Amino acid sequence: MTNTTRQEQGLDLGIVGNGTVAGLIDRRGAYRWLCLPRLDGEPVFNSLMNGGGTFGVWMENLEKHSQTYEKNTAILRTRLEAKDGSILEIVDFSPRFDKNGRTFRPAAIVRQFHVIAGEPKIAITLSVEAEWGKTKIKPKRGVNHIRYESEDTRFRITTDAPVSYVMNGTQFLLDNDVTFILNTDEALADSVHAVADDWYRRTASYWYRWSRSLAIPIEWQDAVIRAAITLKLCVFEETGGIVAALTTSIPEHSGSQRNWDYRYCWIRDAYFSVTALNRLSEMETLEHYMRWVRNIVSHSKGGHIQPVYGISLEENITETIAEALPGYGDMGPVRVGNQAAEHIQHDVYGQIVLGVAQSFFDKRLLNNPGLAEFKALEPVGERAYAMHDQPDAGIWEFRTIAQVHTSSAIMCWAACDRLSRIAAHLGQTDRETYWEERAGLIHQKILAEAWNEERNAFTAAFGGEALDASVLLMAEIGFLTAQDPRYVSTVEAIEAELREGDHIYRYKVEDDFGRPQTAFTACTFWYIDALSRIGRKDEARRLFENILSTRNHLGLLSEDVDTETGELWGNFPQTYCMVGIINSAALLSRKWTETI
């Protein structure tokens with residue numbers, strides 16, 4: 001029994017999480033997605049993919065609903081109001097706080113139902129599925145809990161609500177507050193109400209302190225703080241891996257078949273996330289990520305590095321189809337795993353070096369890397385130099401197209417350039433010269449091969465004609481200055497060809513699945529930043545305000561947007577896009593000294 005169809009609300013979803021698990025909750029308080037026992041686990045609540053797993057609430061004569069985050073936290077409040085004046089507020093969060101010198105972040109969620117007015121008549125909708133929708137897990141009743149167990153899934157939901165009502169979906173009058181805690185199959189140390197209240201207070205305190213530590217711009221503060229918290233929820237802190245999104249298989253547009261599993265750590269996406277949080281002086285994520293990436297470098301031994309790994313360094317994330325799930329809006333397939341792990345993408349070498357470069361210079365870190373870590377990075381630079389003019393799948397991960405992609409070559413240049421800078425910082429003059437020379441050679445090759453005189457722009461691939469929004473990043477990473485006429489004319493060419501309304505497409509050539517039909521929102525942010533850098537700041541500010549208006553009701557973005565309707569498409573929330581909010585706000589905002 002529900003107040004709405006599963007697909008009615010699209011991506012109007014909120015997120016709760018703690019660095020171990022994360023769940024997506026719709027505007028009426030139903031869990032649409034939750035993977036256990038970690039971010040890339042099996043979804044036990046899977047109605048987002050039109051499965052039968054959900055944890056929701058039905059309310060008689062529901063008239064209004066609203067949803068907000070508690071200020072500067074990852075605590076979600078959903079308010080349901082009935083026609084008779086009854087009001088129910090649901091507080092959802094995942095516990096995260098300091099405990100005994102460590103961060104307490106169990107694979108657990110908390111739901112607190114608070115009666116605000118009247119006696120709401122409700123029913124709990126609780127259904128759990130396993131094996132990617134193949135199996136419905138039969139609940140087992142305890143005195144004050146319900147157990148769910150399958151071959152790969154085991155947890156319990158402890159509650160002070162009537163267990164019989166919950167198990168049977170019985171309608172009942174809620175005359176007092178009730179609490180639910182989903183956690184591993186272990187008894188709680190105290191009553192469910194006492195544990196939830198304690199976890200709530202300590203979790204709220206954690207997020208207040210964390211948000212207060214951010215160095216945010218004076219404008220668009222709420223948007224930046226929400227983006228930063230969302231990025232934090234995409235970090236699997238046990239290892240430092242950062243997922244590209246919390247979902248799989250939300251298509252890029254209706255019926256596109258462009259359905260991918262983003263619950264893994266792309267080196268590229270992680271680099272962008274780390275640098276955005278660094279910009280806000282959030283250093284903890286960099287420290288966690290350094291551990292993850294150092295293991296990748298160690299495993300590669302100077303050879304090939306995959307573009308994407310599992311969040312615990314899994315190399316084999318073979319792509320399969322979950323046949324039992326119809327998919328988002330019945331638009332399958334639902335993919336598990338990602339074939340991109342098998343791709344050749346040479347930009348990863350630059351992103352590895354760029355992602356950790358700041359750690360050599362930033363004195364705020366407890367332990368700065370030194371000469372040993374620099375030497376461990378040098379094989380990555382050697383690989384970048386060797387691969388900079390070799391064909392690959394590129395940043396957009398073409399499955400059947402291989403070219404020498406300009407963006408990949410630029411990132412290979414960045415690897416050598418940053419190694420030169422790190423060597424200089426460490427006083428390694430000979431290695432500084434060595435890497436400076438290699439960076440110079442790659443720079444010359446890109447200028448000679450990627451610049452198209454007829455198009456008056458840098459093209460997507462060496463010797464090509466097609467345009468690609470990813471080359472907009474060359475000014476951000478310092479390949480050219482923003483004032484270089486070649487960069488300015490490239491921005492203008494991309495504007496003329498890839499812009500639709502106030503949005504930018506990645507490219508407009510046909511790929512493995514035809515021609516893209518939605519704009520890739522990260523590219524719009526790159527374009528906004530490029531406009532600001534070349535002196536068109538007023539226009540950039542207008543476009544930034546416009547793209548903020550496409551966020552959902554809680555300030556979150558998915559991967560793509562329909563340029564005509566503004567509908568969000570693609571996996572959610574997309575770290576690329578939350579990064580874009582932070583970077584553009586920092587670039588465009590007035591300074592504190594200009595305002596106060």
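**Local geometry and helix packing in a predicted model**

Threonine 239 is situated in the loop that runs between strand 20 (235–236) and strand 21 (241–242); helices (H or I, at least four residues) and strands (E, at least two) are DSSP runs, numbered from the N terminus. The structure is a predicted model, in which local features need pLDDT of at least 70 and side-chain atom pairs count only at pLDDT 80 or more, while totals for chains, interfaces and linings use all residues. Residues are numbered from 1 along each chain as its sequence is written, and side-chain values use heavy atoms, with hydrogens and water left out.

With a relative accessibility of 16%, threonine 239 counts as buried (buried means under 20% relative accessible area, exposed over 50%, and partly exposed in between, with a 1.4 Å probe and protein chains only). A polar atom of the threonine 239 side chain lies 2.4 Å from the backbone oxygen of isoleucine 311. When residues up to four places away in sequence are not counted, threonine 239 touches His288, Arg291, Trp292, Ile311 and Ser312, contact being defined as heavy atoms within 4.5 Å.

Trp292 also takes part in the meeting of helix 4 with helix 5. Two packed helices are described by the angle between their axes and the distance between the axes. Axes are lines fitted to C-alpha atoms, for helices over the stretch in contact, and angles run from 0 to 180 degrees between N-to-C directions. Helix 4 (residues 267–279) packs with helix 5 (residues 284–300) at an angle of about 155 degrees, and their axes are 10 Å apart. Helix 4 and helix 5 are therefore roughly antiparallel to each other; angles under 35 degrees count as roughly parallel, over 145 as roughly antiparallel, 65 to 115 as roughly perpendicular and the rest as oblique. The crossing of these two helices, helix 4 and helix 5, is left-handed, a term applied if the near helix is turned anticlockwise from the far one by less than a right angle, and right-handed if clockwise. From helix 4, the residues Ile267, Ala270, Tyr271, Val274, Leu277 and Asn278 meet Thr285, Leu286, Tyr289, Trp292 and Ile296 of helix 5. By class, this contact of helix 4 with helix 5 comprises nine nonpolar, two polar and no charged residues, where Ala, Val, Leu, Ile, Met, Phe, Trp, Tyr, Cys and Pro count as nonpolar, Asp, Glu, Lys and Arg as charged, and the others, Gly among them, as polar.

Helix 12 packs with both helix 11 and helix 13. Helix 11 (residues 521–533) and helix 12 pack at an angle of about 160 degrees, with their axes 7 Å apart. The contact of helix 11 with helix 12 has eight nonpolar, three polar and two charged residues by class.

For helix 12 (residues 537–548) and helix 13, the packing angle is about 145 degrees and the axes are 11 Å apart. The crossing of helix 12 and helix 13 is left-handed. Lys537, Ala540, Arg541, Phe544 and Leu548 of helix 12 make the contact with Ile581, Ser584, Ala585, Leu587 and Leu588 of helix 13. Classed in the same way, the contact of helix 12 with helix 13 has seven nonpolar, one polar and two charged residues.

Proline 573 occupies the loop between strand 32 (568–569) and helix 13 (575–588). The peptide bond joining phenylalanine 572 and proline 573 is cis, with omega about -20 degrees. A cis peptide bond also leads from glycine 332 to proline 333, with omega near 5 degrees; proline 333 is placed in the loop between strand 24 (320–321) and strand 25 (335–336).

Positive phi values occur at glutamate 131 and glutamine 257. Glutamate 131, a residue other than glycine, has phi near 55 degrees. The loop between strand 13 (129–130) and strand 14 (135–136) contains glutamate 131, which is partly exposed, with a relative accessible area of 40%. Glutamine 257, likewise not a glycine, has phi of about 70 degrees. Glutamine 257 lies in the loop between strand 21 and strand 22 (265–266) and is partly exposed, its relative accessible area being 38%.

Tyrosine 208 belongs to helix 2 (residues 192–212) and is partly exposed, with a relative accessible area of 34%. Leaving aside neighbours within four places in sequence, tyrosine 208 is in contact with Glu70, Lys71, Asn72 and Thr73.

Conventions. A polar contact is a pair of N or O atoms within 3.5 Å; within protein, one must be able to donate a hydrogen and the other to accept it, and residues adjacent in sequence count only if both atoms are side-chain atoms.
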